[in-house]
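Thanks for coming. I will go through one model, starting with its helices, then the sheet, then the confidence.

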Amino acid sequence: MTTPTENPPTGPAGVPATPATDPTAGAPTVPTVSVATYPDYAQAQQAVDYLSDNRFPVEKTSIVGTDLRLVENVLGRMTTVRAALAGTASGAWFGLFIGLLFGIFSDSNWFGLIFAGLLIGAAWGAIFGAIAQAMTGGRRDFTSRSSLQASQYAVIVETDAADDARQLLTRLNWQTSGAG
C-alpha cells in the first residue's frame, strides 16, 4: 500500500498535478502579514488609498475579504405577465438590432424595417418569456439579485514593508478619530 505523498495524483502526460495556490503559479511567493482589518470594503479601500497618497509601494498590498457569504436579495414576485413584459423588452432590443442590420443592407424603407424588427422581436420575446415562466411550474416565482459579501476586509502587506504600512495607517486612524 502506498501513501499519498509517495505517488501524487498525475495530470496530463503523467505530470504530477497539485492544486494551484497562486494565479502566477511558478513565481516565488512573498510572505505577507495583515496590518489592519476593516468591517467594510470602503474603509479598506480608503486605507490603501491613504497608503498610496503617502508614497507607499501599494503594489505590495492586497485587500482580502474573509468569511464570505452569498446574499440573495429578493426583488419581487415573478408572474407570467411580468416575465412576458421582461421578454418583450429584451426581445425588442434584439429585434431593433436585427432591424438595423437589415436596414443597413436594404434599399427599401429603412425606418419601416427597424420598426418591424422591433415589433417582431418584442412579440417573440413576450411569447418566450411567458412560456419560460410557465414551464417553471411555480418553483421560482420571484426575482432576485445575488452578491458575495465578506464579514471583514484585511489589508495585507508584504512583510518587508509591514512596519511602514502600520505607521501610516496608525496616522490615518489618528486623523480620522480627530485626535491629531
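**Helices, sheet and confidence**

Helices H2 and H3 run roughly antiparallel to each other, a label used for angles over 145 degrees, with under 35 called roughly parallel, 65 to 115 roughly perpendicular and the rest oblique. Before going on, a word on the source: this is a predicted model, where local features need pLDDT of at least 70 and side-chain atom pairs count only at pLDDT 80 or more, while totals for chains, interfaces and linings use all residues. Residues are numbered from 1 along each chain as its sequence is written, and side-chain values use heavy atoms, leaving out hydrogens and water.

Helices (H or I, at least four residues) and strands (E, at least two) are DSSP runs, numbered from the N terminus. H2 covers residues 80–104 and H3 residues 110–135; their axes come within 5 Å and cross at roughly 150°. Axes here are lines fitted to C-alpha atoms, for helices over the stretch in contact, and angles run from 0 to 180 degrees between N-to-C directions. By class, the contact of H2 with H3 has 14 nonpolar, twelve polar and no charged residues. Nonpolar is Ala, Val, Leu, Ile, Met, Phe, Trp, Tyr, Cys and Pro; charged is Asp, Glu, Lys and Arg; the others, Gly among them, are polar.

Now the other pair. H1 (residues 41–53) packs on H4 (residues 162–177) at about 115°, with the axes 10 Å apart, so these two helices are roughly perpendicular. Which residues of H1 meet H4? They are Gln46, Ala47, Tyr50 and Leu51, and the H4 residues they meet include Leu168, Leu169 and Arg171. Contact means heavy atoms within 4.5 Å.

E1 pairs with E5 (residues 152–158) over six bridges, and alanine 36 has valine 155 in E5 as its bridge partner.

Last, confidence. pLDDT is the predictor's confidence in each residue, from 0 to 100. The chain averages 85, and 83% of the residues score at least 70. Over residues 1–20 pLDDT stays under 50. Where pLDDT is low, the predicted coordinates should not be read in detail.

Definitions and conventions
Pairing = 2+ DSSP bridges.
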